[in-house]
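Q: Could you take a close look at one part of this model for me, the place where the two chains meet? I'd like the numbers with their cut-offs, please.

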Amino acid sequence: MFALSVDEWMAVRLSLKVAAVATIAALPLALAVALLLARGRFIGKSLLDSLVHLPLVLPPVVVGYLLLIGFGRRGPLGEWLESHLGLVFSFRWTGAALACAVMGFPLMVRAIRLSIEAIDPRLEKAAATLGASPLRAFATVTLPLALPGVLAGAVLCFAKALGEFGATITFVANIPGETQTLSAALYNATQTPGGDAGALRLTAVSVLLSFVALAGSEWLARRVRRRVSGLS
Amino acid sequence: MAGTAGAPPGFGAVVIEFEAVIDRGGFRLDCRFASDSQALALFGRSGAGKSTVLAILAGLLKPDRGRVVVDGEVLLDVERGRFVPAHRRRIGMVFQDALLFPHLDVRGNLRYGLSAASARPVSLFDDVVSMLGIAHLLERRPGSLSGGERQRVAIGRALLSQPRLLLLDEPLSALDIERRAEIMPYIERLRDEARCPLVYVSHAIDEVARIAREVLVLDEGRVMASGPPGEVLAPIRTYRGAGGAGAEEDEGADRADRAGLAGASTADFAPVSVIEAMVQAHDTAYGLTVLSHPAGSMSVPGMIGKVGATARLLVRSTDIALALQRPQAVSFRTVLVGTVSDIGRDAGPIGRVEIALRGEGRLVALVTRQAIDELRLQPGSEVFAMVKASAMDERSIASRLASR
């Protein structure tokens, strides 16, 4: 009753892999965009801000469909990536990771941006008067102070990726062992006669993973506040 | 005014040539000076442009026009498109609120600038730590330090980056009076012992009088006066009238300022005279320090300095009373004899009397215009200046004297 079937295990493992790859791949770009939004002053900043937040408000199916158009085998980006880098997204687990990364991106950028904005920019000026180049000031002052926020953003993105369904299924379908993530497997189970037990088991796994991710994120957020206040 | 204060022996004089114009949205800075002083103070009320001058010196702000040369190196020349970024200037800065790195402990903060600089004496770290008395704080986090401790660590951090010039931007203004008194001796040690000239920004006249060897008075983005603190901080007339800036004077509103009683405007601060006297004796029974000056002896509360040392005393113009004869049976413990050298007066009720003390030194006293007329004070009159001892507490006396 409580043991997961082979297919269910596969879906859980695939979900973890997809979420981890999505989070790690999105992190550097999210960091750069968050820094740009927090510290930069340029024309089109609010446009970039809206663009980053778009996946948060668009129906996931729309995002999935846009990915399909852009990154499908015949899509302009998909074609280029396949012929130049040998990277194929459509109907592969990599596609699921891409969909999850896009969906989790706004959450990650938001968390990182908030943590950077909480840092007094004059600390970077102080670092400069101590002889630190802008790069060194970022690496030794801004980044360490923002680190808990960066980690919290990563956890949020990871959790979002675990639960992603609409964009993924639209973009890469529901292929067991390749693109059938936890949510997709759960959906399958609910559509199958007699699949209730499986659906419940997957639900329990899902609740557990989300809970751990959220608790981790909360713990990290507490550390940001302590760290930025200089008390610990 | 380059060279007016002169560098004491043992210090290589660092020359600053500064020229900057900023004109944006209501704020205007048009400031030009040169100095080779070991301790230059920029004095003026908030908004006078002092901190802006420091930010330009440090490379944190680019003026619209200008040129900055420190120690022979052109750090900024807007016309020629030269701008050396802050981290390559070797100019240290202590900010009003310390700005310690919260994620590093005190040791990490102190070492931050150390690694960036080149070879240095091994003992530098220990020397700075002991000079500032922060050895017991090294493992602490900035958040657990008091304001005074934080500021000392910030000074140490800046010093350890071995700057050729150290800028202090209102380093005491975020502290309460007791903390200020606690830090002041460290800043004086810094001036006397660290081989790095200071540029000190403050709107507090006693800080400036204690620390500076040379003072620039700034108002509305302009240099109103410059020179040694004894002259600049006790002007016989307000700088506003003399300097020509602030053209649109508001007669009624400025009346109190003009009298020197209110500190609302830099140009019209209450003058503070600086006198140097020798510590003669300590009266332990009454808790007084007696100082000798050719113009008379002075009694000051507290045990200050060593016998034979020179002390720099700050005398507020509001704490002086004048008499034509040596006063008898009077509570004032300090009576100094001198000759009136100038009188500054306008339509306001209060005038300024400048007294050349016997021996050396000058005092500026604020007295009512009525008293000036009744005593028939005029240049050449011999007067006795009585100073309330309680007005000259320890805070207004430089503990270490090296003003030569």
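A: Let's start with a term: a salt bridge here is a side-chain nitrogen of Lys or Arg within 4 Å of a carboxyl oxygen of Asp or Glu. Between chain B and chain A the count is one salt bridge. Its partners are Arg122(A) and Asp97(B), with the closest N and O atoms 2.6 Å apart.

Some bookkeeping before going on. This is a predicted model, in which local features need pLDDT of at least 70 and side-chain atom pairs count only at pLDDT 80 or more, while totals for chains, interfaces and linings use all residues. Residues are numbered from 1 along each chain as its sequence is written, chains are lettered from A and ligands numbered from 1 in the order in which they are written, and side-chain values use heavy atoms, with hydrogens and water left out.

Back to the interface. Counting contact as heavy atoms within 4.5 Å, you get 25 residues from chain B and 25 residues from chain A. The buried area (accessible area, 1.4 Å probe, that two parts lose on being put together, summed over both) is about 2000 Å², and carbon and sulfur atoms give 65% of that. On the chain B side, His87(B), His103(B) and Tyr112(B) lose the most area to chain A, together 33% of what that side buries.

As for polar contacts (N or O atoms within 3.5 Å; within protein, one able to donate a hydrogen and the other to accept it, with residues adjacent in sequence counting only if both atoms are side-chain atoms), four residue pairs make them between chain B and chain A, both residues at pLDDT 80 or more. Where does the chain B side come from? Strand E7 (91-94), helix H2 (106-116) and helix H4 (147-160) of chain B each supply at least two residues; helices (H or I, at least four residues) and strands (E, at least two) are DSSP runs, numbered from the N terminus. H2(B) gives the largest share, four residues.

Tyr112(B), in helix H2, also pairs with Phe101(B), in the loop between E7 and H2 of chain B, 11 residues apart. Ring centres must lie within 6.5 Å to pair, with planes under 30 degrees apart stacked, over 60 edge-to-face and the rest tilted. This pair is tilted, at 4.6 Å centre to centre and 55° between the planes. Both Phe101(B) and Tyr112(B) are buried, meaning under 20% relative accessible area (1.4 Å probe, protein chains only).

Terms used. Phe/Tyr/Trp six-rings, centres within 6.5 Å; stacked < 30°, edge-to-face > 60°. Buried < 20%, exposed > 50% of the residue type's maximum accessible area, 1.4 Å probe, protein only.
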